[in-house]
Amino acid sequence: MAGSAVAGFTLAIALIAAIGAQNAFVLRQGLRREHVLPVVAVCAGSDALLITVGIAGMHGATAEYPTALTAVRWFGAAFLLGYAVLAARRALRPGALSPADRPPARLGATLLACLAFTYLNPHVYLDTVLLLGGVARQHPHHWVFGAGAALASVVWFSALGFAAHRLAPVLARPAAWRLVDGAVAIVMVAVAAALLLG
């Protein structure tokens, strides 16, 4: 039983640790210290929900309706490209890069963006519903496997969000924020291109 939990934890960490749009968003929120706990809760809770759906057998139903994933892919790519444009604009305007220069974003807007980064990203469904759900079904203790995978999500997003502020002294200068936002814009474009070309 413990082996299934460790296997789920290990596979999930390997999948979600890759740099992507969702991770970049959580990192930015952590650096700005804005609504970190709700963002981490949404990301980890969404992963747990989708892993549960995958283990319950929805991975087969999803595979039968590829047009749904295609629609999500196109919407996701459009959303990511739009966010890339916003990040590039922030990178080109140093006055908008310092967290102290503007009021914090509203919780509702932040959570909507977080939900979009989560549910408009087809990779989330591929990783959680299809891959983790499918692998879990092959384990004798598939719900324990799923619990291990969900725990990995909690650990990863908590570390990413709550430890990011340790980089705050380095990122106190507008030039550093320009680099962060420039990197975020590049990541968003790369992920969107992968979605469109994949």
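This is a predicted model: local features need pLDDT of at least 70, side-chain atom pairs count only at pLDDT 80 or more; totals for chains, interfaces and linings use all residues.
A residue counts as buried when its relative accessible area is under 20%, as exposed when that area is over 50%, and as partly exposed in between.

His35 lies in the loop between α2 and α3. Its relative accessibility is 24%, so His35 counts as partly exposed. The loop between α2 and α3 also holds Arg33. Arg33 reaches 57% relative accessibility and therefore counts as exposed.

The backbone of these residues deserves attention. Most residues other than glycine have a negative phi. Arg33, although not a glycine, has a positive phi of about 55°. His35, likewise a residue other than glycine, has a positive phi near 50°.

## The protein as a whole

The protein contains eight helices and zero strands. Read from the N terminus, its elements follow the order α-α-α-α-α-α-α-α. Of the 198 residues in the protein, 40% are buried. The accessible surface amounts to about 9800 Å², and carbon and sulfur atoms account for 74% of that surface.

## How the helices pack

| Helix pair | Angle between axes | Distance between axes |
|---|---|---|
| α1 and α7 | about 40° | 7 Å |
| α1 and α6 | about 155° | 11 Å |
| α2 and α7 | roughly 40° | within 7 Å |

Helix α1 covers residues 2-16, and helix α7 covers residues 142-163; the two pack at an angle of about 40°. This angle makes α1 oblique to α7. The crossing of the two helices is right-handed. On the side of α1, the contact involves Ser4, Ala5, Ala7, Gly8, Phe9, Leu11, Ala12, Ile13 and Ile16. On the side of α7, the residues taking part include Val144, Phe145, Gly148, Ala149 and Trp156.

Ser4 belongs to helix α1. With a relative accessible area of 5%, Ser4 is buried, because the limit for that class is under 20%. Apart from neighbours within four places in sequence, Ser4 is in contact with His139, His141, Val144 and Phe145.

Helix α1 also packs against helix α6, which covers residues 122-137, at an angle of about 155°. Angles over 145 degrees count as roughly antiparallel, and α1 and α6 are therefore roughly antiparallel to each other. Their crossing is right-handed. Leu11, Ala12 and Leu15 of α1 make this contact with Asp127, Leu131, Leu132 and Val135 of α6.

Helix α7 has a further partner in α2, whose axis crosses that of α7 at roughly 40°. The angle makes α2 oblique to α7. In α2, the residues that meet α7 are Gln22, Asn23, Val26, Leu27 and Gly30. Their counterparts in α7 are Trp156, Phe157, Leu160 and Gly161.

## The aromatic pair

How many aromatic pairs does the structure hold? It holds one. Phe25 and Phe117 form this pair, with ring centres 5.0 Å apart and 35° between the ring planes, and the arrangement is tilted. The pair links distant parts of the chain, since Phe25 lies in helix α2 (residues 21-32) and Phe117 in helix α5 (residues 107-119). Although 92 residues separate Phe25 and Phe117 in sequence, their C-alpha atoms are 7.9 Å apart in space.

Are the two partners buried or exposed? Phe25 has a relative accessible area of 5% and is therefore buried. Phe117 has a relative accessible area of 1%, so Phe117 is buried as well.

The surroundings of Phe25 extend beyond its aromatic partner. Not counting residues up to four places away in sequence, Phe25 touches Val39, Tyr83, Thr110, Ala113, Cys114 and Phe117.

Notes
Residues are numbered from 1 along each chain as its sequence is written. Side-chain values use heavy atoms; hydrogens and water are left out. Helices (H or I, at least four residues) and strands (E, at least two) are DSSP runs, numbered from the N terminus. Buried means under 20% relative accessible area, exposed over 50%, partly exposed in between (1.4 Å probe, protein chains only). Accessible areas come from the Shrake-Rupley method with a 1.4 Å probe; for residues, only the protein chains shown count as cover. Rings of Phe, Tyr and Trp (its six-membered ring) pair if their centres lie within 6.5 Å; planes under 30 degrees apart count as stacked, over 60 as edge-to-face and the rest as tilted. Axes are lines fitted to C-alpha atoms, for helices over the stretch in contact, and angles run from 0 to 180 degrees between N-to-C directions. Angles under 35 degrees count as roughly parallel, over 145 as roughly antiparallel, 65 to 115 as roughly perpendicular and the rest as oblique. A crossing is left-handed if the near helix is turned anticlockwise from the far one by less than a right angle, and right-handed if clockwise. Contact means heavy atoms within 4.5 Å.
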